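Please brief me on this model. Cover the helices, the core and the salt bridges.

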Amino acid sequence: MGISHSTKDDRLSGGRRYRNLTPEQLESALIANAASGRLMDVRFLLRTRRVDPNVVDDTGRTALIWAAANGHTAIARTLLVQPNINVEARDDTGQTALAVAIDQGHLAISELIRDHLINRFTRGRNLTRVIIDRPLQLD
């Protein structure tokens, strides 16, 4: 199975393909493309700014959960840089993208999500100072 590389013509036809779709249809296309591994289409749809990256399908899955389930690392990475991405969204079975990635054995994606969560938690905090200022107390 070879890797398909999108050309400029593919990107232009993608624009025409999505031009007359409603916001709901664009959101469905985002989920379908994330699930199927179509990175160029996912990037195009996110660039339109008309698509909510946190939209869910009829199973409660987001594009990130689908990318995690199917091992699409580049798509997961693309979604994780969206400023309003909800990494903690749960599908109808209660699973997050991180749980799905771990269950499916997609280590690279689980590490990306873990790092994203750590960075979000530590952003703006000086954890080194907290550790130095509060030495460990042993009884």
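This is a predicted model: local features need pLDDT of at least 70, side-chain atom pairs count only at pLDDT 80 or more; totals for chains, interfaces and linings use all residues.

Residues are numbered from 1 along each chain as its sequence is written, and side-chain values use heavy atoms, with hydrogens and water left out. Helices are DSSP runs (H or I, at least four residues), numbered from the N terminus.

**Nonpolar core**

- The largest nonpolar core has 26 residues. Such a core is a set of buried Ala, Val, Leu, Ile, Met, Phe, Trp, Tyr and Cys residues joined through side-chain atoms within 4.5 Å. Buried means under 20% relative accessible area, exposed over 50%, partly exposed in between (1.4 Å probe, protein chains only).
- Leu-30, Leu-45, Leu-64 and Leu-79 touch the most other members of this core.
- At least two core residues come from each of helix 2 (23-36), helix 3, helix 4, helix 5, helix 6 and helix 7.
- Helix 4 gives the most, with six residues.
- In soluble globular proteins, nonpolar side chains tend to be buried together.

**Helix 4**

- Six of the eight residues of helix 4 are buried. They are Ala-63, Leu-64, Ile-65, Ala-67, Ala-68 and Ala-69.
- The cover over these buried residues includes helix 2, helix 5, helix 6 and helix 7. Contact here means heavy atoms within 4.5 Å.
- Leu-64 touches Ala-76, Leu-79, Leu-80, Ile-85, Val-87 and Ala-97, not counting residues up to four places away in sequence.
- Gly-71 follows helix 4, and its phi is positive, near 75°.

**Helix 7**

- Helix 7 covers residues 107-122. Its 16 residues should span 22 Å at 1.5 Å a residue, and the end C-alpha atoms are 22 Å apart, which agrees. The expected span is 1.5 Å times one less than the number of residues.
- Which residues of helix 7 are buried? They are Ile-109, Ser-110, Ile-113 and His-116.
- These residues cover an arc of only 125° around the axis, so they lie on the same side of helix 7. The arc is that of the directions from the helix axis to the C-beta atoms.
- An α-helix has 3.6 residues a turn, so residues three or four places apart point the same way.
- The buried residues of helix 7 pack against helix 4 (63-70), helix 5 (73-80) and helix 6 (97-104).

**Salt bridges**

- The structure holds four salt bridges. Each is a side-chain nitrogen of Lys or Arg within 4 Å of a carboxyl oxygen of Asp or Glu.
- One of them joins Arg-61 and Asp-91 (3.2 Å, N to O). The pair links distant parts of the chain, 30 residues apart. Arg-61 sits in the loop between helix 3 (39-47) and helix 4, and Asp-91 in the loop between helix 5 and helix 6.
- Arg-61 is buried at 16% relative accessible area. Asp-91 is buried at 7%.
- Glu-88 and Arg-120 form another (2.1 Å, N to O). Glu-88 is in the loop between helix 5 and helix 6, and Arg-120 is in helix 7, 32 residues apart.
- Glu-88 is partly exposed at 44% relative accessibility. Arg-120 is partly exposed at 35%.
- Asp-115 pairs with Arg-114, the closest N and O atoms being 2.9 Å apart. Asp-115 is partly exposed at 34%, and Arg-114 is partly exposed at 41%.
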